[in-house]
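Please examine the sequence and the structure shown below before reading the briefing.

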Amino acid sequence: MGRKSVVIDNPPAVTDGLPSIEAMTEASSQLALLEAQRESTVRAVATLHGYQLPADSTDPDLIQRDIAANMRRTIESMIEVGRGLLVLKKACDHGQFVARLAVLNFDPRAAQRYMQVVRKFSNASTSTHLLKAANTQSKLLEMLVLDDEQIEELELTGQTGELKLDDVATMSVKELRAALRELRADAEAKDAVLDDAQKKLRALQMQAHKKKLEAPTPDEVEAKKVLAMQDAANMASALIGGALRQAIEAMRAYDEENGVSNAAVMSGFIARIEDATDALRVNFALPRLKDDADDPFGELPDDFLEKQGLVMPTPNAAR
């Protein structure tokens, strides 16, 4: 007799509780992308700081062992250790760098100084003579107080402030520390003087600006009004003595050439100008000045025009 087939209602899905193949593939792709990005960043940092990756690998374990091998008491080793620390920091996941420093028995604060040494002194164009003069790690660490401009000046000219590169080589660590302290004090004093000068300049600029915003005095208003009248009078005089005179001369040349006379026409145009000036006198009740007028400008103080730097036109003879 044959076996009876057993039918199981709603058999459990094999994939229950497990991610789908598509999700696993996507996660794997994302992980690979992150690893590729981190490796690219680590290699870029190594190239930037001149660090030779051990076995050309970005593995944090190999970098850590390479740092341990370079932890000797020489400046060259110090810089190599600093370079390695910079690269290791990039190679580590967040929070792992300090743990690896503990494995190396490396104080985090000291590690920061090693990395700072690399940033300041490992540049090939500004390090050879300076590193040779410093000679020891202790001196090089003391010189971290120098700013980039002082380091460049010291390397290129052999001196920054009162500190000479030749003296650095012969100084003890204590003497170098004192010299650097004095150099820093001089720089701070110079900055203080410059800052004080800038403050005074800003104060003067603010006073000048404030003065511009203040209401002008009556004398200043009067001077501006007189200047405006002078500009208008000069413009009118220029037109009469220039354009109108040229037009009259051209008309007279025409008259002589053709035996005619347009004197009445020319006089008529001049009369129009005289009428305009007469109208101004009437409208504003201005007196006609005489040839012998001692004070052609009325009630103005004797030295007003001179103080304002004005050059007023000489009044015309009375008609």
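The points that follow are grouped by topic.

This is a predicted model. The protein has 319 residues, and buried residues make up 25% of them. Its secondary structure comes to 13 helices and 2 strands.

**Confidence of the prediction**

- The mean pLDDT of the protein is 79, and 81% of the residues reach 70 or more.
- Among the elements of the protein, helix α4 (residues 96–103) has the highest mean pLDDT, at 93, whereas helix α13 (residues 304–308) has the lowest, at 54.
- Over residues 312–319 the pLDDT is below 50.
- Where pLDDT is low, the predicted coordinates should not be read in detail.

**Contacts along the chain**

- Among the contacts in the protein with a separation of 6 or more, 60% are accounted for by residues 24 or more positions apart.

**Packing of helices α3 and α5**

- Two packed helices are described by the angle between their axes and the distance between the axes.
- The axes of helix α3 (residues 75–91) and helix α5 (residues 108–121) come within 8 Å and cross at roughly 105 degrees.
- Angles of 65 to 115 degrees count as roughly perpendicular, and α3 and α5 are therefore roughly perpendicular to each other.
- On the side of α3, the contact is made by Met-78, Ile-79, Val-81, Gly-82, Arg-83, Leu-85, Leu-86 and Lys-89. On the side of α5, it is made by Ala-111, Gln-112, Tyr-114, Met-115, Val-117, Val-118 and Arg-119.
- By class, the contact of α3 with α5 has 10 nonpolar, 2 polar and 3 charged residues.

**An aromatic pair**

- A pair of aromatic rings is described by the distance of the centres and the angle of the planes.
- The structure holds 1 aromatic pair. The ring centres of Phe-106 and Tyr-114 are 5.1 Å apart and the ring planes stand at 90 degrees, so the pair is edge-to-face.
- Both Phe-106 and Tyr-114 are buried.
- Tyr-114 also belongs to the residues of α5 that make the contact with α3.

**Positive phi values in a loop**

- Ala-55 is placed in the loop between α1 (21–49) and α2 (60–70), and Asp-56 lies in the loop between α1 and α2 as well.
- Phi of Ala-55 is near 55 degrees, a positive value in a residue other than glycine.
- Asp-56, which is not a glycine either, has a positive phi of about 55 degrees.
- Ala-55 is exposed, with a relative accessible area of 73%.

Notes: Residues are numbered from 1 along each chain as its sequence is written. This is a predicted model: local features need pLDDT of at least 70, side-chain atom pairs count only at pLDDT 80 or more; totals for chains, interfaces and linings use all residues. Side-chain values use heavy atoms; hydrogens and water are left out. Axes are lines fitted to C-alpha atoms, for helices over the stretch in contact, and angles run from 0 to 180 degrees between N-to-C directions. Helices (H or I, at least four residues) and strands (E, at least two) are DSSP runs, numbered from the N terminus. Angles under 35 degrees count as roughly parallel, over 145 as roughly antiparallel, 65 to 115 as roughly perpendicular and the rest as oblique. Contact means heavy atoms within 4.5 Å. Ala, Val, Leu, Ile, Met, Phe, Trp, Tyr, Cys and Pro count as nonpolar, Asp, Glu, Lys and Arg as charged, and the others, Gly among them, as polar. Rings of Phe, Tyr and Trp (its six-membered ring) pair if their centres lie within 6.5 Å; planes under 30 degrees apart count as stacked, over 60 as edge-to-face and the rest as tilted. Buried means under 20% relative accessible area, exposed over 50%, partly exposed in between (1.4 Å probe, protein chains only). pLDDT is the predictor's confidence in each residue, from 0 to 100.
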